[in-house]
Amino acid sequence: MQNTEAAKPVDAALKPETAALDGDQSAAAIQVLQLLFTRSIEFSRSGFFFILLGCGFLYFAYHVLYHVHPTFVFILALLGLSIVLFGTGTQSLGSGEFTEPASQARTKFYLAGGAGVLAGIFGFGAVLGSEKIERVFANSSGYALVVFEISNPAGSNLQQATVVTHLRDGRQLPVLVRDTSIEVLAPILRGYGKLDVCIEARGPERKWSIEHGCPTLDLKDNAPGQRPEPVQSIGTVRLDIKYVNTLGLDEGGKSTPATTFIAN
Amino acid sequence: MEMGNACETVSNVLRAAARLVAVWCCFVAVSPAIAQSSNAVRCSYESRSDVASALRSLQAGDEPARLAAAAALGQIGKDALPHLMATIPENLRHNAESNAWPAAQRDFAIVLTDIIRAILSNDRQAVLRFRQCTTDGIIKSLTWAARGDNQRLRVNAANILANIVDNTTVCFVLHHLRDATISASGRANLLGVTNSMASYAYKENVAGITQTMESVTAQIGSGPGFDQSKSIIRDISARMAQSENKNTSLQSASLKEYCSDYNFSAGLD
């Protein structure tokens, strides 16, 4: 109790000093904030800021690469690159001044900055190469259309066939049976030049078959207008139908010309 | 005492007689089955209990048992052929309305022909074994099935015939081809079967085939359709023309049975 009472006058004496100290601290804080604000403004005008901002755009373009339309990715990447170049100091290619010695008139000129020039070039390129841009910035994974062209001399109805297609790792593939071909959509990654697709088909009542096999296909880019399917690549291979062949044996077991027999 | 011994003796004699009668009855009951299977094919073969058991499962078992039996018979291969062939005349009726057969009989016929077709596929020895064991009854049954209205049975039977028909049996096929009531599918099948042996046809069969092709051409006419039949007829003629045996008689080649003196004017059976 005694200590508490004794302490009161001491606190009272300290109050003015504390108020003065608080005022100094507030002023210092404001000064710090002002300094930070000023520095921020200065930083936002610096080349390094634009480099970071440009990198941010590039990272964002990379981040949304698989989720948005390729054109948007292209714009983000273009913008990011332009801002980075602006930040590195290529914002101004140069300026000059013409002055007639006998005259007071002066002519000043400025060349467009590097980033502006690049943006212009990219913009011009975007107009010229709009079809290719989509492929350049397209997702790195997609589908290849694999076309098995069937050699079908007897005109067997392919639509009645039971077809099984799969990749070498066993993944089943969706299949479309047309009149003269069997087509398969196979998932691929960008850069695939070759692909193994396994196929086996049987006609009704086993009248004919396409023997199980995994041919290796050369994939080519799906050029605009080539195929309507939204696929990156196309591969084509030709397969033969195998019919039920008779063995061609005469009464003595001697081989005779075998016939291709198609039962109905 | 003597009476007792006499009674005992009579009793023993009666017991022995009863045993004899029982054994005889068993023999009588079993003997038709043995005779039937030995008459059903022309070759001698070793009776195998595993084949007999699989055949019973094929006829009476549920679906998994039937599949297992079919797989087992396919594995046994050509050794099972005589057993399987012996069941053909019993289970394949001599008419083209196979869809009207009792369902169990039709299903068994389909599975049976499935197995035989698989065994014959790409096996020269099996084809020769089938020919060695075959009879007119087997060929006739398969020919009816190959022109029948059940598609699966028709395709199976036609594939079997295409491999096993030769100069000794083609006349049965030709006889059916001359029947005006044959279906388009049946005609195409039997033409294909004939085509498979045309390249080594003997003199009598060349004559038989030529007459039959004339008959078939008259049946299908010159109108549209029947493209497959017309194409096969052209192929048969071309193959027959190249036959090395076309001027040799069946008799001189010791191939008298069954086509040497075949009566095409008789009714189909």
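Q: Which residue stands opposite Asp221(A) in S11(A)?

A: Asp221(A) faces Ser233(A) in that strand. Please bear in mind throughout that this is a predicted model. The general idea is that strands of a sheet pair through backbone hydrogen bonds, either parallel or antiparallel. In the present case, S10(A) and strand S11 (residues 233-240) of chain A run antiparallel and are joined by 2 bridges.

Q: In what order do the 5 strands of the open sheet in chain A lie?

A: The order is S5-S6-S3-S11-S10 (chain A), and the pairing is mixed. Strand S5 (175-177) and strand S10 (220-221) of chain A are the edge strands, since each of them pairs on one side only.

Q: How many helices and strands are there in chain A as a whole?

A: Chain A has 5 helices and 13 strands. Its residues number 264, of which 19% count as buried.

Q: Which residues of H12(B) are buried?

A: A residue counts as buried when 20 or more other C-beta atoms lie within 10 Å of its own. In H12(B) the buried residues are Glu204(B), Asn205(B), Gly208(B), Ile209(B), Thr212(B), Met213(B) and Val216(B).

Q: Why may the buried residues of H12(B) be said to line one face of the helix?

A: Viewed down the axis of H12(B), the buried residues fall within an arc of 160 degrees, and they therefore line one face. They pack against helix H10 (170-177), helix H11 (184-197) and helix H13 (227-241) of chain B. The face turned away from the buried side carries the exposed residues Ala207(B), Glu214(B) and Ala218(B).

Q: How many residues does each of chain A and chain B give to the contact?

A: Chain B gives 24 residues and chain A gives 16 residues. On the side of chain B that touches chain A, helix H7 (124-133), helix H9 (151-164) and H11 of chain B each supply at least two residues. H9(B) gives the most to that side, with 7 residues. By class, the side of chain B that touches chain A has 8 nonpolar, 12 polar and 4 charged residues.

Q: What is the phi of Ser254(B), and where does this residue lie?

A: Ser254(B) is not a glycine, yet its phi is positive, about 55 degrees. The residue lies in the segment after H13 of chain B. Ser254(B) is exposed, with 8 other C-beta atoms within 10 Å.

Q: Is the peptide bond from Glu257(B) to Tyr258(B) cis or trans?

A: That bond is cis, with omega near 0 degrees. Tyr258(B) is found in the segment after H13 of chain B.

Q: How far apart are Asp50(B) and Ile76(B) in sequence and in space?

A: Asp50(B) and Ile76(B) are 26 residues apart in sequence, while their C-alpha atoms are 9.2 Å apart in space. Asp50(B) has its place in helix H2 (residues 49-60) of chain B. With 14 other C-beta atoms within 10 Å, Asp50(B) is partly exposed.

Conventions
Residues numbered from 1 in each chain as written. Chains lettered and ligands numbered in written order. Predicted model: local features only at pLDDT ≥ 70, side-chain atom pairs only at ≥ 80, totals over all residues. Buried ≥ 20, exposed ≤ 12 C-beta atoms within 10 Å, placed from the backbone. Helix = DSSP H or I, 4+ residues; strand = E, 2+ residues; numbered from the N terminus. Arc of directions from axis to C-beta. Contact = placed C-beta atoms within 7 Å. Nonpolar A, V, L, I, M, F, W, Y, C, P; charged D, E, K, R; others polar. Pairing = 2+ DSSP bridges.
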